[in-house]
Amino acid sequence: MNLHFENVEVGASFTTPSHRITAQDIAAFCRLTRDFHPLHTNETYAKAQGFPGIIAHGLYGLSLMEGLKTELRLYEETSIASLGWNAVRFVAPIVAGDVVHVEMAFVAKRESASRPAGVITESVRLHRADGALLIEAEHISLIQKAP
């Protein structure tokens, strides 16, 4: 799609394809981040803490949200930088076996004060297939203006 700043419509929303979370995904994130907390590696421990099985790191869910959004290819060649994530809330655990998707909407936009670009704000929510909200956040990005 390659949206430029001028093409971003506040209120426009998008839904990503679904992705199944696997125990292997969670284990790979453990290896990458060196975070081997037993909630993410030991099913018996996780169940003793009241979870149905091992749970994914909240930051894995946040990272996956960005990856699923990227698959929409909204700014494949027009994205300049992520400026950060605000108001991140881990609402419910992500469990191995969950099927998830992202719902995002543009909630604000403004001209950049320092570059010929624009700053956009997205509301981003990770949902399980049954509709349960798992993570919600606000993402701010810098994207190119049209040539």
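The secondary structure of this predicted chain comes to four helices and six strands, where helices (H or I, at least four residues) and strands (E, at least two) are DSSP runs numbered from the N terminus. Along the sequence these elements follow the pattern β-β-α-α-α-α-β-β-β-β. Because the model is predicted, local features need pLDDT of at least 70 and side-chain atom pairs count only at pLDDT 80 or more, while totals for chains, interfaces and linings use all residues. Residues are numbered from 1 along each chain as its sequence is written, and side-chain values use heavy atoms, with hydrogens and water left out.

The C-alpha trace spans about 55 × 30 × 25 Å along its principal axes. Of the 147 residues in the chain, 38% are buried, a term that means under 20% relative accessible area with a 1.4 Å probe, protein chains only. Among contacts (heavy atoms within 4.5 Å) with a separation of 6 or more, 71% are between residues 24 or more positions apart.

Helix α4 (residues 58-71) has 14 residues and reaches 20 Å from its first C-alpha to its last, close to the 20 Å expected at 1.5 Å a residue, the expected span being 1.5 Å times one less than the number of residues. Its buried residues are Y60, G61, L62, L64, M65, L68 and K69, and what covers them includes β2 (19-20), α1 (23-33), β3, β4, β5 (117-128) and β6 (133-144). After α4 comes R73, with a positive phi near 60 degrees.

Strand β6 is largely enclosed by the rest of the structure, because nine of its 12 residues are buried. Its pairings are listed below; two strands pair if DSSP finds at least two bridges between them.

| Pair | Sense | Bridges |
|---|---|---|
| β3 and β6 | antiparallel | eight bridges |
| β5 and β6 | antiparallel | 11 bridges |

Opposite I135 in β6 stands F90, and opposite E138 in β6 stands S123. The hairpin formed by β5 and β6 has four residues between the strands, and G131 in the turn has a positive phi of about 95 degrees.

D98 lies in the loop between β3 (79-90) and β4 (99-111). Although buried, D98 has no salt bridge, and the nearest side chain of opposite charge, R128, is 4.2 Å away. Here Lys and Arg count as positive and Asp and Glu as negative, with His and the chain ends not counted, and a salt bridge is a side-chain nitrogen of Lys or Arg within 4 Å of a carboxyl oxygen of Asp or Glu. Not counting residues up to four places away in sequence, D98 touches H19, R20, I21, P93 and R128.

Note on methods:
Buried < 20%, exposed > 50% of the residue type's maximum accessible area, 1.4 Å probe, protein only.
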